[in-house]
Amino acid sequence: MTPSNPHLAPVDVPDAAALGRVQQLCDLADPYTCGPAEEELFAAAMAQTNAWHRERSPFFRSLYDDGARPDTPYRAPLVHANFFKRHEVLSIPEDEVHLHLTSSGTTGQKSQMFFDEWTIRSAQRMVARIFDHNGWITPDQPVNYLLYSYEPARDLNLGTSFTDNYLCDFAPARQVEYALRDTGNGHEFDPFGCVAALRRFAEDDVPVRILGFPAFLWFTLERMRAMGLAPLELPEGSLIILGGGWKGHTDRQIGKDELYARVTEQLGVPSERIRDTFGSVEHCIPYIECSHHNLHAPVWSRVFIRSTRTLEPLPYGERGYLHLVSPYITSVPAQSVVMGDLASLHPGEECGCELTTPWFTIHGRAGVSRNRSCAVAAAELMKGMS
């Protein structure tokens, strides 16, 4: 472990007596340990977080007392992520809100969440432990950052911007460049600035870390090819962590294998140093691809797939709504969230990597919605830019 990183430091639950098992679960340092003991601890932690929210949230109390579905794990009622786009439901006093994040862009329905200090710091520590597990915390190795996300601006509280800037804490920054530049009147995608940054970074002697929306990275690679630029060779140790999906431009989306191959061809970054992620403001547990590019569930969460017709649980391999469960959150009753994503779940041994926890594949969004995410708003900025 890398003890010098502050995000690996201990963090305490709001009430040790009421949430002792939640504390024990979130204190597990190995992000992918699993077994009967961990399952027993997870169930006990879920019972505590259910009791916590039942006592503090009238909304959750009514759901819980009405009785959960008999097939609901850990007796946590299902709450769709869209609920949090329209309602503010807190399990803490407003003066204990430490952070407020939203997943939407400049217009449209906002999905917003409120975090107390325990919840957000606990989620950050999970990210740090997964980075540490992969050897990506390098306090003595500066890097150059190209962030395919929003340049910080006053009153900007987008979850993706917060996350990408947080990920810069794991290696000291020599230079930081943003793909979505603050114009003073919103943000604008700057493809030529991205190309210039990559060319400059390729001539430097430190690794490069590219973080953010995969669509922007793809459009940068396309722009480089259109400009007739020769492939670059980013310094050894460079790392690409993607997230946010292709929402809003699915008609132009390419397969993950093709994207990774093009990154290797044009930037010289090997496949094992390119990882996609999944996450949301409604469920901040980090899901980061393994070396075989599958999204394994960490020890602090459980993943289920539910029928789009009946919400009944589905077996391995079948597609349905992604259902995510974790007891870590104390600020909002979002410990059992059904996402709008279609996914399938697979047993750990089918991956072939060293991890043994189940993993899931995202197959796209279910249906058509007027709700917009950060990726939708960001994708709109690319119209006419490629």
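**Salt bridges in a predicted model**

Trainee: Which side chain does Glu289 meet in a salt bridge?

Mentor: This is a predicted model, where local features need pLDDT of at least 70, side-chain atom pairs count only at pLDDT 80 or more, and totals for chains, interfaces and linings use all residues. Numbering runs from 1 along each chain as its sequence is written, and side-chain values use heavy atoms, without hydrogens and water. A salt bridge puts a side-chain nitrogen of Lys or Arg within 4 Å of a carboxyl oxygen of Asp or Glu. At 2.7 Å, N to O, the partner of Glu289 is Lys256.

Trainee: Is Glu289 buried or exposed?

Mentor: Buried means under 20% relative accessible area, exposed over 50%, partly exposed in between (1.4 Å probe, protein chains only). Lys256 has 34%, so Lys256 is partly exposed. Glu289 has 3%, so Glu289 is buried.

Trainee: How many residues apart in sequence are the parts tied together by Glu39 and Arg302?

Mentor: Glu39 and Arg302 form a salt bridge, with the closest N and O atoms 3.0 Å apart. Glu39 lies in helix H2 and Arg302 in strand S12, so the pair ties together parts separated by 263 residues. Helices (H or I, at least four residues) and strands (E, at least two) are DSSP runs, numbered from the N terminus. The answer is 263.

Trainee: What is the relative accessibility of Arg306?

Mentor: Arg306 forms a salt bridge with Asp71, the closest N and O atoms being 3.5 Å apart. Asp71 is partly exposed at 25%. Arg306 counts as buried, at 0%.

Trainee: How many salt bridges does the count come to?

Mentor: Arg174, Asp204 and Asp205 are linked in a network of them. By the rule above, the count is 13.
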